[in-house]
Amino acid sequence: MTAYACLSSSQHGFVKGCSCATNLLTAFECWTEWLDQGYGIHIVYLDYKKAFDSVDHVKLIEKLHNNNVNCKMIKWTAAFLENRIMKVKVKPEFSDSAAVLSGVPQGSVLGPLLFLIFINDLPQWMRNSMVLMFADDTKISCRVRDEKDCALLQKDLDYLMKWTKDWHLDFNTEECKAMRIGHKLHTDYT
């Protein structure tokens with residue numbers, strides 16, 4: 001079994017055979033079907049603030065345990081993440097060393113996979129909506145005919161807020177947007 005076999009089918013980032021195009025085509029196909037059935041569509045675009053840098057190492061190890069990853073692999077991953085330091089170079093000068101207390105190493109082969117494992121269970125929290133992700137960029141959509149459907153999307157967003165809080169992530173609120181297609185129901189999602 002490959003590392004990608006256990007990843008959510010909602011994830012299109014850093015996954016072999018998936019891309020921005022597959023993410024968009026999946027959304028387009030589903031949304032077209034909903035519109036053909038007479039529904040409107042509400043879409044919420046979400047972006048996590050400094051997502052790769054914000055991964056809590058303790059929580060990541062917890063996720064690895066929750067996914068029944070081999071104990072030796074968990075220990076290796078913990079060792080890979082601990083005692084990391086960074087410096088900043090400006091021209092010929094380096095800053096003092098600083099401890100890296102969170103995040104997955106960007107530019108590494110393992111970093112993106114660890115991030116995908118960290119957010120892999122996010123779609124399971126959505127009970128009424130379709131979730132599509134490209135790494136941390138998340139698109140949640142639902143078909144809407146009336147206020148009850150709007151309430152179901154709001155309920156999913158509330159679940160997502162709990163998930164986000166539980167796993168110590170924050171939204172980049174300037175990059176989060178809502179869009180409505182195909183009807184005139186106006187509901188503000190929080």
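Q: Among contacts between residues at least 6 apart in sequence, what percentage join residues at least 24 apart?
A: 72% of them do. Bear in mind that this is a predicted model.

Q: How many helices and strands does the protein chain have?
A: It has 5 helices and 8 strands. Along the sequence they follow the pattern α-β-α-α-β-β-β-β-α-β-β-α-β.

Q: And what does the C-alpha trace span along its principal axes?
A: About 60 × 40 × 30 Å. The chain has 190 residues, and 41% of them count as buried.

Q: Let's do the sheet. What is the strand order in the open sheet of 4 strands?
A: The order is E6-E7-E1-E8, and the pairing is antiparallel.

Q: Which strands stand at the edges, and why is one side of each left without a neighbour?
A: Strand E6 (130-134) and strand E8 (177-181) are the edge strands.

Q: What about the twist?
A: It averages 15 degrees from one strand to the next.

Q: How many bridges join E6 to E7?
A: There are 5 bridges. E7 covers residues 137-144 and runs antiparallel to E6. Within this pair, Val131 stands opposite Ile140 in E7.

Q: What holds paired strands together in general?
A: Strands of a sheet pair through backbone hydrogen bonds.

Q: Now the helices. Which strands does H1 lie across?
A: Helix H1 (residues 20-36) lies across strand E1 (40-46), E6, E7 and E8. Its direction is at about 160 degrees to E6.

Q: And which strands does H5 touch?
A: Helix H5, residues 147-166, packs on the sheet and touches E1 and E7. Its direction makes about 155 degrees with that of E7.

Q: Which of its lining residues are closest to the centre?
A: Of the 13 lining residues, those are Asp53, Met86, Val100, Ser102 and Gly103.

Q: Which elements give two or more residues to that lining?
A: Strand E2 (84-86) and strand E5 (98-100) do. E2 provides the largest share, with 3 residues.

Q: Last one: how do the lining residues divide into nonpolar, polar and charged?
A: The second largest pocket has 8 nonpolar, 3 polar and 2 charged residues in its lining.

Definitions and conventions: Residues are numbered from 1 along each chain as its sequence is written. This is a predicted model: local features need pLDDT of at least 70, side-chain atom pairs count only at pLDDT 80 or more; totals for chains, interfaces and linings use all residues. Side-chain values use heavy atoms; hydrogens and water are left out. Two strands pair if DSSP finds at least two bridges between them. Axes are lines fitted to C-alpha atoms, for helices over the stretch in contact, and angles run from 0 to 180 degrees between N-to-C directions. Contact means heavy atoms within 4.5 Å. On a 1 Å grid over the protein atoms alone, a cavity is a set of points where a 1.4 Å probe fits but cannot get out, and a pocket is an open set with protein on both sides within 12 Å along at least five of seven lines; lining residues have an atom within 4 Å of a point. Ala, Val, Leu, Ile, Met, Phe, Trp, Tyr, Cys and Pro count as nonpolar, Asp, Glu, Lys and Arg as charged, and the others, Gly among them, as polar. Buried means under 20% relative accessible area, exposed over 50%, partly exposed in between (1.4 Å probe, protein chains only).
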